[in-house]
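Please walk me through this protein model.

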Amino acid sequence: MNPRSVRPDVAALVAGVRERRARQLAQAISLVEGRQPQRRELIAALYDATGRARLVGITGPPGSGKSTLVDRLAGELRKTGDTVGILAIDPTSPFSGGAILGDRIRMQSHYTDNGVFIRSMATRGTMGGLAAASHDAIDILDAAGFDWILVETVGVGQDEVDIVRSVDTVVVVTVPGLGDEIQAIKAGLMEIADVFVINKADREGADRSQRDIESMISMAEPPSQKPKWTPPITQTVASRGDGIEEVLEEIRKHRQWLRETGEIRKRRGIHLRLRVENLLEERIVLAAAEVGGLDAVIERGLTERADPYLLAEHLFAEIIAGGHSGEGTSIRGIDHVGIAVDSIDRAKRFYEALGLEVGATEEVVAEGVRVAMIPLGSTRIELLEATREDSPIAKFLEKRGQGMHHLCFSTDDIRGDVETLRGAGVDLLGEQPTRGAEGCWVQFVHPRSAGGVLVELSEPAQEEEN
Ligand code: ZN
């Protein structure tokens, strides 16, 4: 066994995020935005600290003054001592996020403490990539302990709607006189709005907008939906700070309602499902690229005019086969079965009674274990005895008692296998193979990825390393 080792840069990011340091927060969000492989480790390490922030989404058509509203809301919250993380998501921006960010950084500079953190995300990655990255970024800010997380999006594409839906309260912002404002709201935003804001309400037509939204709400009312929340409509002039307190008040009321009705759990279930589906999509597209089949299948589709359903089926079958045939790794067979025992001396009597020869014991000091190998046909049995109370074997014995501890596959290329397994989304214990008994390189696979069995990969020591 080897202790769980976290790659230093991720460990440093995790520590920095937990202390809410701006530099590490920015680095962590860049890491998930770029969909880098360490994102998984990062989110896993932070996840236990999430779930506490109040998540508010703010969306609406371009020109509705969302950014100003968000900034005012942050300022108002800051007055009460609450901390605020802001994610501004705009994939439609022709700028790489820099333009928006410029204003935002100036705004952030108003706050001398670390009570406000602002980040814009504008890059659109692969399918669903932006949504997945945004969900991860929300987790990062949540784990950093911000009391509020405001997620600002332009409510246009499905990605943006998915992002804004992954919050507790959705605020839909509109302005009077936007010709297509109602159409824009009707197109997907209506049913997700918890609070409506008519911003720039000092303009002509604010009351008409109010009436339009009211009539839409009453028309859209499902007759028997329970529990029921009727979205309130508030009017603001965000540039002057008018109506900001009222918007906050409605957000707080909605949150109260979510908690009292138990609706919050239902919502979080929907968000989690959305997110898992999202990652699954990301995973499958990645796997298709990894089996090298995507380009070939597209080519085939073009030349043979095969239908897209057939192409997707074909590719999916290939991914599944790749995952099961073991073609992707250099596994040769079962090297040994590890059995945890209280005492090797006592346990070996049984094997000697079977007429098997029990090898000499060897101690792996780093892992607090003593092992004895018993050759059996082309494979072996490994008896494991703890030498320290805090060793993994001691803990296993304490929790589960004596019994089968792990299954070890022999391989010729452990490093290659580790890469392949990691690429296939398999959970590994530790980042890199470490030295085990007999000088072998070993790598453990988490039981949750291997049907409940702890799996060890082992590559025999090279000649020159003996
Ligand atoms: Zn072993």
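Axes here are lines fitted to C-alpha atoms, for helices over the stretch in contact, and angles run from 0 to 180 degrees between N-to-C directions. The model is predicted: local features need pLDDT of at least 70, side-chain atom pairs count only at pLDDT 80 or more, and totals for chains, interfaces and linings use all residues. Residues are numbered from 1 along each chain as its sequence is written, and side-chain values use heavy atoms, with hydrogens and water left out.

The crossing of α6 and α11 is left-handed, meaning that the near helix is turned anticlockwise from the far one by less than a right angle (clockwise would be right-handed). From α6, Gly-129, Ala-131, Ala-132, His-135, Asp-136 and Asp-139 take part. They meet Arg-275, Asn-278, Leu-279 and Glu-282 of α11. Contact means heavy atoms within 4.5 Å. By class, this contact has three nonpolar, three polar and four charged residues. Ala, Val, Leu, Ile, Met, Phe, Trp, Tyr, Cys and Pro count as nonpolar, Asp, Glu, Lys and Arg as charged, and the others, Gly among them, as polar.

Helix α11 (residues 263-290) also packs against α10 (residues 244-261). The angle is about 95 degrees and the axes are 5 Å apart. That makes α10 roughly perpendicular to α11. On the α10 side, the contact is made by His-254, Arg-255, Trp-257, Leu-258, Arg-259 and Thr-261. Glu-263, Ile-264 and Arg-267 answer from α11. The α10 contact with α11 holds three nonpolar, two polar and four charged residues.

Now the whole chain. It has 16 helices and 15 strands. Helices (H or I, at least four residues) and strands (E, at least two) are DSSP runs, numbered from the N terminus. Of the 466 residues, 49% count as buried. Buried means under 20% relative accessible area, exposed over 50%, and partly exposed in between (1.4 Å probe, protein chains only). Among contacts with a separation of 6 or more, 70% join residues 24 or more positions apart.

Which residues have the most contacts inside the largest nonpolar core? They are Leu-42, Leu-87 and Ile-140, in a core of 47 residues. A nonpolar core is a set of buried Ala, Val, Leu, Ile, Met, Phe, Trp, Tyr and Cys residues joined through side-chain atoms within 4.5 Å. Helix α6 (residues 129-143) gives this core its largest share, eight residues. Beyond four places in sequence, Leu-87 touches residues including Ser-134, Ala-137, Ile-138 and Leu-141. A second, separate core has 22 residues, among them Val-56, Val-70, Leu-77 and Ile-251.

Next, single residues. Ser-410 is in strand β12 (residues 403-411). Its relative accessibility is 7%, so Ser-410 counts as buried. Beyond four places in sequence, its contacts include Ser-330, Arg-332, Asp-335 and Ser-458.

Arg-20 sits between α1 and α2 (22-33), and at 19% relative accessibility it counts as buried. Lys-200 sits between β6 (195-198) and α9 (206-220), and at 25% it counts as partly exposed.

Methods: Angles under 35 degrees count as roughly parallel, over 145 as roughly antiparallel, 65 to 115 as roughly perpendicular and the rest as oblique.
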